[in-house]
Amino acid sequence: MEYVDLYNLAQEIITARSEAGKSSAIVPVAELKAALIQGVGWLSDINFHPIETKPGDPLGHYECHSEAESQWEEPNSWVVLITYASNLGVSEQRFVWCKELMHIFDTEDGCVKTPDEFRGLLTEIELKPIDPSEQYLTENAAKWKALLVLCPKQQRDEMKIRAAQEGLSHYDIALHFRIPEPVVSSLFSEYYDRYYERFIEN
């Protein structure tokens, strides 16, 4: 499974729920998780685990390890563990879960492999460097991939028109998609269209 396959699945899910008249036509993260386990050859399971965090700590963290003694003997024995801040609301939790799931599609260069690299990434996220590392670019891409999956373009474009016509607030839009309210400005920005072109059309 490639990222574009997961995006297309998300589009199908939310379209089907809308056509069925579901009161909340959203993309369930549980269905994305199930599709990844079934569709990614090296992956055997995905686990989510809440943890206590301090102010300034990352809201989510992705780890991947093998259950087998040798991953070469059992290539589909890898397990993904996603830890997340236990005090997140439902919308924030959905977005963090989905963003961390997007790291399943990371390239080798974009992976954080050591504690020093992880600390360096946190510094970059805070300072927004002029010449970012591959890890920083990968983290940024994961956020946009998550936004695209949770708010597929067809529904996003429809909501953009509706929001303008009806004067909907960012809160209304966030509630509709079950995403964090601060993310709505990104949802309707030109960057959404640019990342859609990069990840889906190219």
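Me: Which residues touch the most other members of the largest nonpolar core?
Reply: In soluble globular proteins, nonpolar side chains tend to be buried together. Here the largest nonpolar core has 52 residues, and Tyr3, Leu36, Met102, Ile104, Leu147, Ile179 and Leu187 touch the most other members; such a core is a set of buried Ala, Val, Leu, Ile, Met, Phe, Trp, Tyr and Cys residues joined through side-chain atoms within 4.5 Å, where buried means under 20% relative accessible area, exposed over 50% and partly exposed in between, with a 1.4 Å probe and protein chains only. H5 gives the most to this core, with eight residues. This is a predicted model, in which local features need pLDDT of at least 70 and side-chain atom pairs count only at pLDDT 80 or more, while totals for chains, interfaces and linings use all residues. Residues are numbered from 1 along each chain as its sequence is written, and side-chain values use heavy atoms, with hydrogens and water left out.

Me: Which residues does Arg156 meet in salt bridges?
Reply: A salt bridge is a side-chain nitrogen of Lys or Arg within 4 Å of a carboxyl oxygen of Asp or Glu. Arg156 pairs with Asp157, the closest N and O atoms being 2.9 Å apart, and with Asp193 at 3.0 Å, N to O. Arg156 is buried, with a relative accessible area of 2%, whereas Asp157 is partly exposed at 26%, and Asp193 counts as partly exposed at 23%. Salt bridges that share partners join Lys153, Arg156, Asp157 and Asp193 into one network.

Me: How many salt bridges does a search of the whole structure find?
Reply: The search finds nine. One of the salt bridges is formed by Lys99 with Glu139, their closest N and O atoms being 2.4 Å apart, and both residues are buried.

Definitions and conventions:
Helix = DSSP H or I, 4+ residues; strand = E, 2+ residues; numbered from the N terminus.
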